[in-house]
Amino acid sequence: MELTSTSFLVTLIVTTALAMLALLLLWNRIPGPGWVRWPARVLMTGLCQLTAICVVAASINGSYGLYSSWDDLLGTGTGQDASAMTGPPLGRARFIRGGDGTRSTYFRGSHSKLAGQVMVWTPPEYDAPGAEKTRFPVLMLLHGYPGSPRTWIDLGNMPGSLERLVRLGASHPFIVVIPELYPGGVNTDCTNTPRRKLADWLARDVPDLVARNFRTLRRPEGWGLMGVSTGAFCAAKLPLQYPKVFRAGAALEPDPLTGDPAVLSDPAVRERNSPMWLVAHVKNADTALFLATSAQDENSPPRQLAAFAEAAEGTGVRVKTLVRPRGGHNFQTWTGMYPDALGWLSTELSPPAATAASGAPAAPRRCCR
């Protein structure tokens, strides 16, 4: 019987009920002298408490995915990375409201088998009167390495910056999704490797989770990404690999677009999962990418943006670039790029809409290069 199964929890509940019933029925029927009866009563009382504690523990574990199997609980597994095993099933992930207006969950993806945190924020328009049937575009924010979903809130001033742009009419209201970029602490540049399916985590598991729990637009025209540094590399890569999931990506000072040998040592895997290779091998893709950097950023030099835009010519991928004259590889520079990036994303992605029965969103405006 699996540790996280419903049958195991029901068995514990029934056992607790039977233990309590036995205590009530046998309390005064235990034969023998007092020195025998009282220890027996203490044992029965302890059994009731133990089974009740097990019910509570199993319920908490099923909700939050502390342990996913008996091997995980007892430490008798085969040595597989624990982050690929822990976490509740996708359908049982629970979002908990935070004091900053976000909702957070920790779940295990059914495709990648990885477990990590996902934070979601819905705009005020989402809960406005009359918006019950309105579906919203999704903006997935990808943090850098090292980093965490909280980085966007603590350092990136999100979603506050987005709210201000929406009030100014410079951006769509988006459902903001901030997933863990490398569950378990292992960075693969958002690439599927034999041991870690990080691309599946970001492009399949997280979108499935969000679409199940929130009123999202159903087609790629309603899904985009914005990333910084390593997350920017992923924001340029994932729309090219998963055009049926993401229509657009905004990459703010991306890591080298040819891939990082320190992250993916296999040259073939690194090349075929790099935005530079991918953009040169797509044909007639309905995909749009925004790439921005600073002239002073040696980690993301302007020349790689120019080379990428040249490689995209004739492929159908729409590319817009932005080079700021000064700024470092940090959120002070990236926040200054938000108006351009979010304004551009709002021209490429569909606005909130009450979808028809077919689920088709309103057509987005097109942005020139």
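In what order do the nine strands of the open sheet come, and what is the sense of the pairing?

Modeller: Happy to, and please keep in mind that this is a predicted model. The order across the open sheet is β1-β2-β3-β5-β4-β6-β7-β8-β9, and the pairing is mixed. At the edges sit β1, residues 96-97, and β9, residues 318-324, each of which pairs on one side only. For the setting, the chain has 11 helices along with its nine strands, and 52% of its 369 residues count as buried. Among contacts with a separation of 6 or more, 70% are between residues 24 or more positions apart.

If you want a point of reference on screen, find Ala-292, which stands opposite Leu-322 of β9.

With β3 the strand runs antiparallel, joined by four bridges, and Val-120 has Val-177 of β5 as its bridge partner. With β4 the sense is parallel, over three bridges, and here Val-138 is partnered by Ile-175 of β5.

Staying with β4, have a look at Leu-141, which belongs to that strand. Leu-141 has a relative accessible area of 0% and is buried. Beyond its sequence neighbours within four places, Leu-141 touches Val-176, Val-177, Ile-178 and Pro-179, and its contacts also include Trp-152, Met-158 and Met-226. Another distance worth checking is the one to Ala-232: 91 residues away in sequence, yet 9.2 Å from Leu-141 between C-alpha atoms.

Helix α6, residues 198-213, lies across β2, β3, β4, β5 and β6, and runs at about 50 degrees to β3. Helix α11, residues 331-348, lies across β4, β6, β7, β8 and β9, at about 165 degrees to β7.

Ser-171 sits in the loop between α5 and β5, and at 9% relative accessibility it counts as buried. The side chain of Ser-171 makes a polar contact with the side chain of Ser-346 at 3.3 Å. Setting aside neighbours within four places in sequence, Ser-171 is also in contact with Leu-162, Leu-165, Val-166 and Leu-342.

Between β4 and α4 lies Pro-146, joined to Tyr-145 by a cis peptide bond with omega about -5 degrees. A cis bond also joins Met-158 to Pro-159, with omega about 5 degrees, and Pro-159 is in the loop between α4 and α5. Asn-157 has its place in the loop between α4 and α5 as well; it is not a glycine, yet its phi is positive, about 55 degrees. At 37% relative accessibility, Asn-157 counts as partly exposed. In the loop between β5 and α6 you will find Cys-190, whose phi is also positive, near 60 degrees. Cys-190 counts as buried, at 1% relative accessibility.

Finally, a word on the start of the chain. Helix α1, residues 6-26, reaches 30 Å from its first C-alpha to its last, close to the 30 Å expected for its 21 residues. Phe-8, Leu-12, Thr-16, Ala-19 and Leu-23 are its buried residues. Seen down the axis of α1, these buried residues fall within an arc of 85 degrees, so they line one face of the helix. The face of α1 turned away from them carries Thr-6, Leu-18 and Leu-24, which are exposed.

Note on methods. Residues are numbered from 1 along each chain as its sequence is written. This is a predicted model: local features need pLDDT of at least 70, side-chain atom pairs count only at pLDDT 80 or more; totals for chains, interfaces and linings use all residues. Side-chain values use heavy atoms; hydrogens and water are left out. Two strands pair if DSSP finds at least two bridges between them. Helices (H or I, at least four residues) and strands (E, at least two) are DSSP runs, numbered from the N terminus. Contact means heavy atoms within 4.5 Å. Axes are lines fitted to C-alpha atoms, for helices over the stretch in contact, and angles run from 0 to 180 degrees between N-to-C directions. Buried means under 20% relative accessible area, exposed over 50%, partly exposed in between (1.4 Å probe, protein chains only). A polar contact is a pair of N or O atoms within 3.5 Å; within protein, one must be able to donate a hydrogen and the other to accept it, and residues adjacent in sequence count only if both atoms are side-chain atoms. The expected span of a helix is 1.5 Å times one less than its number of residues. The arc is that of the directions from the helix axis to the C-beta atoms.
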